[in-house]
Amino acid sequence: MLLNIENVEKSHVSGGSRVAVLRGVSLSLEAGETVALTGESGSGKSTCLHLCAGLDRPDAGRIVVVGCDLARADDATLAGLRRGTVGLIFQQFNLIPSLTVRANLAFQARLSGRDDPDWCGELAMRLGLEGLHDRYPEQLSGGQQQRVAIGRALAARPALILADEPTGNLDEATGDAVLDLMLELVAESGAGLLMVTHSPRLAGRLGRRVRLTGGRLA
Amino acid sequence: MRRVALSALLAHWRRHPLQLATLLLGLALATALWSGVQAINAEARASYARAAGVLGQDRLESLVPARGLPHLDQDIFVSLRRAGWQVSPLLEGQWSRAGISVQIVGLDPFTAPRSALPGMILDETRITDFLAPPGLAYGAPETVAALTGVVGLPPLAAAEGMAPGLLFTDIGIAQSLLRAEGRLSRLLILPDQPRSRPELAAIAPGLERRAPIEQADSAQLTGSFHLNLTAFGLLSFAVGLFIVHSAIGLAFEQRRPMFRTLRALGLPLRDLVVVLAGEVVLLALVAGLVGIALGYLIAAALLPDVAATLRGLYGATVSGSLSLRPEWWLGGLGMALAGAAIAAGQSLWRLWRLPLLAPAQPTAWARASTRALARQGIAAGGLALVAVLAAVHGQGIAGGFILLGALLISAALALPGILALMLAGGARLARGALAQWFWADTRQQLPGLSLALMALLLALSANIGVGTMVASFRLTFTDWLDQRLPSELYVTARDQEEARRLRDWLAPRIDALLPIWKVEGTILGGPVEIYGVADHRTYPDNWPLILGEADTWQVLARGQGMIVNEQLWRRADLALGDTVPLPGGAVRALVGVYADYGNPKGQVILGLDDLTALYPDVDRRRYAIRTDPAAVPELKTALTEEFGLPSDSMIDQGRVKEISLMVFERTFLVTGALNVLTMAVAGFAMFTSLLTLSTMRLPQLAPVWALGLTRRRLARLELIRAMLLAGLTLLVAVPVGLILAWVLLAVINVAAFGWKLPMHLFPADWLWLGLLALAAAGLAAAWPAWRLARLAPSDLLKVFADER
Ligand SMILES: Nc1ncnc2c1ncn2[C@@H]1O[C@H](COP(=O)(O)OP(=O)(O)OP(=O)(O)O)[C@@H](O)[C@H]1O
Ligand SMILES: [Mg+2]
């Protein structure tokens, strides 16, 4: 199993008061499987993805990613997981401001020692990023930045793709092309895809669909 | 409305106490170093003025022996008084015993200008004590305190308002203290003279009139020393301003959204600027007061060493204790205000020109602008040109300081550009993704850190420059001392008769007896000492000549020429072969120039026979003895037994060297302390910049963390980054520091002291300084890095949510 979440709870502290965001979420994902995660704004979708990526730790419950129990892992193990196993596409792109598009694209792949210039080149082409190689993130539009973020996550050929509204800033045609790309990669390499989306049309193209309400999956 | 705006703006500081502390501390430190130095200068100046005013000598003409003789006869005083001249006798001299030394001024309480005497001298109860042996000596309270318990001095009495370091006694008492029975140094000419009196030449042909001592006498000699101190103070102040500038700049950037809101709510731009300027003035006043208090402490700590230096180098006596003088604390406050104004000027100007709907996000800080770097580079080039022009055409000490200032500012301005180039080079060499990011990200940190790095550059170059100067000096000076002091023992007889007996007694017991006889006088408008040297191989073997021919010493021995020290040579702009008039009218040709480090006075050396022929009354009591070094202790004992010579009239070579070196060690202690303080200020600048940057940096670090780096590793990289920048800055600082050292040694020193020093390099010192700089950078980065290592993941995640 690629990903197994059991009874995960998570609350955020803001302004001194605790807000329970996840109140017992369970979900599992097999290799080759694609799942759409939907839910209202503020329902905790990003929080859930961040937990799966090992960016934060749940208050309760278990998360196992490719055999690794995140609750027991130390910082270095989590960092290794983020580097090599998980490809996280952030809702806010999160590009590295001091690096060019080219360096941003290859960054994670090179960090994890899986640099493949041909694959990077192909990704850049399919994401429509040719000609932007030497620009810096601040010189890109929102949609362009989003496509670089997607390319960066896919360049390392991760076992688990976690995508947080990857097409939120894209027009319909580009969004479709991006999803095609991800589905192809999943089919090819047997990766898993957990994708947050507000679009029922895109959600419909994935294998399964879960909805987050009241801190639980339905 | 303004009050409301002000309280809204001040609320910022309540939420950022650390930033407030940085700003205040930076300005306070800058003010402290500056006003500390000024306090020292003001104290010294006051001491000079008091010393020059002793007994009204700054106002009254006096009669002195003509032809540079050291003394005049007491009888002359009597004859002049009889003839109607209103004069008052003075005997001045240095009394010393067992390493304690004090200036004795012997006077006649009945004829001395009354206004210049401590009132109590003429008290009926005391006047008899003053006149009759053992006498009574009046001194400033601190002088009296320092001399209490010293054997051999008359009873002491404290008198307020006297110049430090000297004692007033009755002239008769002074004559016996100074072993100068029947002699006077000079006669003061009192202001009220009878309408008709005989011509001076008719009564006392051996005397000449001398103008009042100029107030500026000590002040002129020591001026360059104080200029040096001032330059150091100014440098520290500039380094401190870097901190203030960045703190104010940051506070303005962070409050831009607030400015926008205030203006949108109807506060006129002019009012906003006025309110902000008021805020800056308020902060400057607070910081200025703290700085002045700190400066007082610094000055009080350094003053004893400065006083010792001035005494040793220039013979100027400066009070060792500090008093609060309005001229320096007002000056310090003024500097704090001016500094804050300079530091805030740019920010206020930018605000003035800011359109209402400009983006509210702080941008100027983190953005690397190539154009700004280029602009700075051009300014740096312009200043470098000024420096070159000053080096080629500059005159005197002012030219030297223009050169120094232009050089340092130019280097500071050029630094960010040079670092950017170095970092770009590093990035090109980098292989891994992380290394590449590291270089690129470091490059992006430059604008935020450049002010701190400039401060570090200034501190490091000053350190290298001054350190090289000091070490070069020490090396040259000890070598030179070894050459200049070849004689094993130096003795001074108590009178001419004893000197004659000494000579006879010593002759069979030692290798050679070399007279050290001198007269004082005026040559080419400046005071000089004129010595005579025996015709002995000691001199050609040891005396370090800067200029001269092979036969220089023979020419001297034949009485056909003179040699002068480097100071006089430079001051009077002499060349070999020039003929120079000596006091008394004789003329000699210049046949050589010798190095004479650390002596403020001009010196002339003649052949010994020539000297005694020109000045038959020369004081013949001092001798240098050449003998087997091992025999020195025995010889000293024998001299004591045979002649009853007190131990302070014999001094061996080692002791002379020790004393000479000590003077310089203390000079350098002062510069060393200022150096360390400047380094500390630069380190602090680095720390505050890193700290403020660390909070603004999260958006750059969070993505790298998310992509698979631990916080700890990131923190380590942050540490390395700070140390890398410090190391690169050191690379720039070494050449700048060496140029600085050259300017100090070859330009400033010549202008200030009249001698030029060879430059030596001490790479081991740079290594040490490099380690210090790395340690400082590491320390400065340690806390921000530690905070990063412990940052909660949720705080990093928040960055992602905040980003847009
Ligand atoms: N660092 C944080 N501190 C406090 N509260 C937080 C933090 N991050 C998220 N929250 C809160 O947790 C809840 C879930 O946030 P999350 O970002 O997971 O929602 P989301 O489902 O992704 O919403 P959206 O569709 O708008 O992206 C929200 O109510 C949010 O306000
Ligand atoms: Mg979200």
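1. A polar contact is a pair of N or O atoms within 3.5 Å; within protein, one atom must be able to donate a hydrogen and the other to accept it. In this predicted model, the side chain of B:Arg721 comes under that heading, as it reaches the backbone oxygen of B:Phe438 at 3.3 Å. The side chain of B:Arg721 is also joined to the side chain of B:Asp441 by a polar contact of 3.2 Å.

2. Where does B:Arg721 sit in the chain? B:Arg721 is part of helix 23 of chain B, which covers residues 711-753. Apart from neighbours within four places in sequence, the residues in contact with B:Arg721 are B:Trp437, B:Phe438, B:Asp441, B:Thr442, B:Gln445 and B:Arg697. Is B:Arg721 buried or exposed? B:Arg721 counts as buried because its relative accessibility is 3%, and the cut-off for buried is under 20%.

3. Next comes the interface between the two chains. Here 28 residues of chain B are in contact with 25 residues of chain A. The two chains bury about 2,400 Å² between them. Of that area, 59% is on carbon and sulfur atoms.

4. How many salt bridges are counted between chain B and chain A? The count is 1. B:Arg711 and A:Asp75 meet through their side chains in a salt bridge, at 2.6 Å from N to O. Between chain B and chain A there are also 7 residue pairs in polar contact, with both residues at pLDDT 80 or more. On the side of chain B that touches chain A, the elements giving two or more residues are helix 14 (433-484), helix 22 (698-706) and helix 25 (793-802). Helix 14 of chain B gives the most to this side, with 7 residues.

5. On chain A, the UniProt record (an unreviewed entry) lists residues 3-218 as "domain: ABC transporter". Over residues 3-218, chain A is 35% helix and 28% strand. The C-alpha atoms at the ends of this stretch are 18 Å apart.

6. Over all chains, the count comes to 28 salt bridges. One of the pairs is A:Lys10 with A:Asp59, whose side chains meet at 3.9 Å from N to O. This pair links distant parts of the chain, 49 residues apart: A:Lys10 is in strand 1 of chain A, and A:Asp59 is in the loop between helix 1 and strand 4 of chain A. A:Lys10 counts as buried because its relative accessibility is 8%, whereas A:Asp59 counts as partly exposed at 43%.

7. A:Arg62 and A:Asp69 also form a salt bridge, with their closest N and O atoms 3.1 Å apart. A:Asp69 is buried, because its relative accessible area is 13%.

8. A further salt bridge joins the side chains of A:Asp176 and A:Arg205, at 3.3 Å from N to O. The two residues are 29 residues apart and link distant parts of the chain. A:Asp176 is in helix 6 (residues 172-189) of chain A, and A:Arg205 is in the loop between helix 7 (200-203) and strand 9 (208-213) of chain A. A:Arg205 counts as partly exposed, with 35% relative accessibility. A:Asp176 and A:Arg205 belong to a network of salt bridges that also includes A:Asp180 and A:Arg201.

9. A:Asn7 is not a glycine, yet has a positive phi of about 50°. A:Asn7 lies in strand 1 (residues 3-14) of chain A. A:Val66 is likewise a residue other than glycine with a positive phi, near 45°. A:Val66 is in the loop between strand 4 (60-65) and strand 5 (68-69) of chain A. A:Val66 counts as partly exposed because its relative accessibility is 43%.

Note on methods:
Residues numbered from 1 in each chain as written. Chains lettered and ligands numbered in written order. Predicted model: local features only at pLDDT ≥ 70, side-chain atom pairs only at ≥ 80, totals over all residues. Heavy atoms only, no water. UniProt positions renumbered as here; feature names shortened; annotations may be inferred. Helix = DSSP H or I, 4+ residues; strand = E, 2+ residues; numbered from the N terminus. Buried < 20%, exposed > 50% of the residue type's maximum accessible area, 1.4 Å probe, protein only. Contact = heavy atoms within 4.5 Å. Buried area = accessible area lost by both parts, 1.4 Å probe. Salt bridge = Lys/Arg side-chain N within 4 Å of Asp/Glu carboxyl O.
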